[in-house]
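Here is a friendly briefing to read alongside the sequence and the model. Please have a look at both, then follow the notes below.

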Amino acid sequence: MAADTKPLARLPVVLAGAVIAAVAVTLAATWAGGGAAVRIPGIPDAGAVTSWGLPVARTVADAAAVATVGALLLVVVLLPGGKRLGEAQLRYLVWAAFAASLWATASAAALVFTLSDLFAQPVSRVLSPDVVADFVVNDAQGRSYAMVVAAGVLLGTLCPGIGTARWARCALAVAVLGVLPPAFTGHSSAAADHDSAVVSLSLHLVGVTIWVGGLLFVLVVAARREDAAADAARRFSPLAGWALLAVAASGIVNTAVRLPGLSDVFGSRYGLMVVAKTSALALLAGFGWWHRRRTLPGLRAGERRAFVRLAVGELLVMAAAIGLAVGLSRTPAPAVRDAPLSPAEETLGFAMPPPLGDFPWTPLFTEWRFDPLFALGTAVAAVLYLAGVRTLRRRGDRWPVGRTVAWLLGLAVTVVATMSGLATYGKVLFSVHMGQHMILAMTVPILLVLGAPATLALRTLPPAPKGGSPGPREVLLKLLHSRLVKTISHPVVASVLFVGSAFVVYYTSLFETLMGSHLGHLVMLGHFLAVGLLFFWVIIGIDPGPRRPPYLGRLFVLILTMPFHSWFAISLMSSSELIGAGWWRTLDRPWIEYPLDDQYNAGAIAWATGDIPVLITTIILAFQWVRSDAREARRIDRQIDRGDENDPLAAYNAYLASLHARDRRPVATAPEPRSDDADGAAREPGTSTPSPTPLRQPEES
């Protein structure tokens, strides 16, 4: 790859300028927001070193995390390559290792400064192995920083030795996951509605990291005048758009949770910091629009100067936005209310809901709670699906309306299951939780697999250019026919995952552990949805896959699997031991007198709600079977009408003719055991025996 030394010499100056800008904005925002001036009466001060060192260490750690994710994103997604990494990709893995080492070092410093800040003691007094170890083991913030340090050390050690795309993808996953732990221990985790705040902040962190990191290394590739610069920028452009959407949406949700009202937006320091950060985001959106309109076409034509200049400005604004974010995390938010949180609010993130009462259980339809993850996920899934249908129609192709209705209805049911009173009471009542489980595992999957999203994507996504790197369509095809999908889509494996996971979750301590945190609860719900999608994709799925059993085999799998589901439901109803007893005791529900009765209702719901989806699935499977036979008959008729040489009827007639010809061939008789002639006289050696008369074939009827 060609390189020019002049842009390369300016690159360290630009990167150093971005880091300096981030640190300067961090210090200014910390001072303006009052984060460095917080004093607790009666408790000694941690000192100026901690007050100013903590935001600086966090800024450096954030910048290093962004660089680590950006370098790995460049290697895995933005640069073309095959199974083995190329020379340029291996070079940027070394960059990722250096950034990860800096990330781990700065995070370790932030851990010590945080310990000093919490105990209001100078660093010299808390910098003891015993104190630090106790903080890491027993405090959530300590564990969070320890996980980040571990991710940085792991990446810094392993990245230089990675040589394949598979391990590079694993490194990228570790880097993205390493960004998330601080979201569960900051301001958001202490908010009244901490479930929504934590999820929105997690989406915010991932979006910012991918956006800033990707832009940083696209700029590096362009400044180094590498041949793949235009290709990397083209691939990064849609990714940046989605990251911008995630950052904006999650920022709105997090601000709504932290600010009591609109008057606090301009009436508090926290609100003014949010306004400044929003202005930076709007400016960055303008940069992205200008890139699409002006600089990207020039970059594809070989003109890099305009792109590099605009990207440098965009990077500096992003660095300032990161500084504002760190300063915002040190700024006290206005109090939503004066009263302290109740034990239920600290545990659930919301006040204990009222009792359901008798039928029709009105609170299930009125106690709605917003969940950013499922809201954003279902909205994106609906928009992408409708965009694909629109693409097909503009091209003149047809797409069944029933599939679109099934997909949108499945997304709507997902929203009801995760944001209505089912979600609110699902963390309070085992019976409602089981109803939520059954909807996500047995109702939503039936609708979503009938929508055939993979088929729609394969018909709308453009193929990659010949000789170029694989695009989204090729990646999807490779995934559908991968060894992993081939293994988990085996009917036996899918059935075991579908039924066995329920026993594993509920009859071990895993249920109580997952219910204890919002992240664990989301993982549990996502798992139920995933195994349901897998099972019903095997049974009634329309999308292509590596293993497609015949219809009779699918019916047998369905019939053999459902008794185990009924067994699970009956075991819940007959159990005398309360499942997740520790979690239910923590809630202290005053209107639940007999928890085992609620568990009995949960088993009854699991049993009752399992029969209807099975009946519906059986009807759908029979309908698909009949339609498949009809399509096969029409295909054979078309071959016969065309006189196709592969006509199956002609092949069958030829097979019958070959059998007839074989039957008409003469059959030789076995030789006589003695060598005497018919008159009994012995023959001389060397004389021949007359040929036997062939057996007479029976006349054909």
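**Briefing on the predicted model**

Residues are numbered from 1 along each chain as its sequence is written, and side-chain values use heavy atoms, with hydrogens and water left out.

**Confidence**

- The mean pLDDT of the protein is 79, with 77% of its residues at 70 or more.
- Residues 1–5 also have pLDDT under 50, and for them the model has 11 contacts beyond four places in sequence.
- Confidence is lowest in helix H1 (residues 5–33), where the mean is 61, and highest in helix H16 (residues 401–419), at 94.

**Overall make-up**

- The protein has 28 helices and 0 strands; these are DSSP runs numbered from the N terminus, with helices being H or I of at least four residues and strands E of at least two.
- Of the 701 residues in the protein, 44% are buried; buried means under 20% relative accessible area, exposed over 50%, and partly exposed in between, with a 1.4 Å probe and protein chains only.
- The accessible surface comes to about 36,200 Å², and 66% of it belongs to carbon and sulfur atoms; accessible areas come from the Shrake-Rupley method with a 1.4 Å probe, and for residues only the protein chains shown count as cover.
- Among contacts between residues at least 6 apart in sequence, 77% join residues at least 24 apart.

- Thr 460 lies in helix H19 (residues 453–460) and counts as buried because its relative accessibility is 19%.
- The side chain of Thr 460 reaches the backbone oxygen of Leu 456 at 2.8 Å.
- Leaving aside residues up to four places away in sequence, Thr 460 touches Gly 388, Thr 391, Leu 392 and Arg 395.
- Arg 395 in turn forms a salt bridge with Asp 397, their closest N and O atoms being 2.9 Å apart; a salt bridge is a side-chain nitrogen of Lys or Arg within 4 Å of a carboxyl oxygen of Asp or Glu.
- By this rule, the count comes to 1 salt bridge.
- Both partners are partly exposed: Arg 395 has 45% relative accessibility, and Asp 397 has a relative accessible area of 29%.

**Ala 452 and its backbone**

- Ala 452 is found in the loop between helix H18 (430–450) and H19, and with a relative accessible area of 0% it is buried.
- Phi of Ala 452 is near 50°, a positive value in a residue other than glycine.
- For background, most residues other than glycine have a negative phi.

**Val 496**

- Val 496 is found in helix H22 (residues 491–506) and counts as exposed because its relative accessibility is 52%.
- The C-alpha atoms of Val 496 and Val 531 are separated by 9.6 Å, and the two residues are 35 residues apart along the chain.

**Cysteines**

- The count comes to 0 disulfides, where a disulfide is a pair of cysteine sulfur atoms within 2.5 Å.
- Cys 159 counts as buried at 1% relative accessibility, whereas Cys 170 counts as partly exposed at 36%.

Conventions:
Predicted model: local features only at pLDDT ≥ 70, side-chain atom pairs only at ≥ 80, totals over all residues. pLDDT = per-residue confidence, 0-100. Contact = heavy atoms within 4.5 Å. Polar contact = N/O pair within 3.5 Å; in protein donor to acceptor, adjacent residues only side chain to side chain.
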